[in-house]
Amino acid sequence: MSEQKIQVLGSAAAEGIPAIFCNCDTCQAAWRNGGKDFRLRTSYQLGEFVRIDFGPDAMAQEMRYKLHSENLRHIIVTHSHEDHFETSLFAYRKQCFSKVKPDNVLNIYGGAGVVRKISLFAWQSGKNIGFHGDFSCWQMKVHELYPFEPVELPDVDMTIYPLKANHMAQVSTEEPMIYVIRWGAKYLMIANDTGYFCDEDWEFLSKMNIKLSAVLNDCTGCFFDNRNNHMSGQYVLDTKKRLEELGLVDANTRYFVNHFSHNGHGTHAQLEEYYNPHGIGVGYDGLEIPL
């Protein structure tokens, strides 16, 4: 088994930080400070073979962190928004663009909106067979996930537990997800792009009888008390408290906030000042979290 660690490849919301075209105080501060205040769009790497989200910064992240996308076996997608799922990049898995080993099949997992988006990519690429589930010319397979129905990834000793994200509620054709993932004997939670969890999530979590080794919690609004679509402020603290009450989180859990918008008006140092006293770390590009 590859080393069990989460690497944060990006920690920003859709616009990045400094945000493109923006001259707000937060973006000006990021230009001055550099370092942890420079944030690409949110994505995570689990070991060598698994990626969570695959957005428009995937190539930059690969170069920055010396990743090898040719080794990826599984991409688990939270939802179809372009900052988390950029399908145009998959065009380059064709043999005319890259040399993909014949036995290398890339599995992509996500809810209904994710499946629809990559099927549209296939159709627009002149291969309408994508709508019928045949992505073989890209050496890919697409797997639709459903809330609360676990999926096994035996080759990497993982189980995906999809939960409902409180996100994109107005789009009936979407099924945005947050994830609990078993990796060997460890469990982690990826919960960006969600507001405070829905009752069904809490009910499912209450029955899991696990300890989470790491949590990545949405914090798009930084300090503002956002409850729906994204969360931040008091609702982050409430989420952590309830996970503690259910016994899923304890003092040994590596708990971090991540996925920050420049509109939240928080520098890395300010976010640490706010969240660190509550036992919550602040994500940044390149952060490695051992399990």
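## Two pockets

A pocket is here an open set of grid points, where a 1.4 Å probe fits, with protein on both sides within 12 Å along at least five of seven lines. In this predicted model, the second largest pocket has a volume of about 270 Å³, and its lining consists of 13 residues, of which E70, N71, K101, D103 and N104 lie nearest its centre. By class, that lining divides into three nonpolar, four polar and six charged residues.

The largest pocket has a volume of about 450 Å³, and of the 18 residues that line it, E62, S69, L89, Y92 and R93 are the closest to its centre. Twelve residues of this lining are nonpolar, two polar and four charged, while helix α2 (residues 58-65) contributes the largest share, four residues.

## The buried side of α4

In helix α4 (residues 199-206), the buried residues are D201, W202 and L205. They lie on the same side of α4 because the arc they cover around the axis is only 95 degrees. Among the elements that cover these buried residues are β8 (158-164), β9 (177-183), β10 (186-191) and α5 (234-245).

## Nonpolar cores

The largest nonpolar core has 34 residues, and V180, M189, L205 and L212 are those that touch the most other members. At least two residues of this core come from each of β8, β9, β10, α4, α5, β12 (254-258) and α6 (268-275). Another core, of 25 residues, lies apart from it and includes V50, I181, I190 and F256.

Neighbours within four places in sequence aside, V180 is in contact with T159, I160, Y161, L163, Y187, L188, M189, L205, M208, I210 and L212.

Note on methods: Residues numbered from 1 in each chain as written. Predicted model: local features only at pLDDT ≥ 70, side-chain atom pairs only at ≥ 80, totals over all residues. Heavy atoms only, no water. Buried < 20%, exposed > 50% of the residue type's maximum accessible area, 1.4 Å probe, protein only. Arc of directions from axis to C-beta. Contact = heavy atoms within 4.5 Å. Core = buried A, V, L, I, M, F, W, Y, C linked by side-chain atoms within 4.5 Å. 1 Å grid on protein atoms, 1.4 Å probe; cavity = no way out; pocket = protein on both sides within 12 Å on 5 of 7 lines; lining within 4 Å. Points joined across faces, edges and corners; volume = space filled by probe spheres on them. Nonpolar A, V, L, I, M, F, W, Y, C, P; charged D, E, K, R; others polar.
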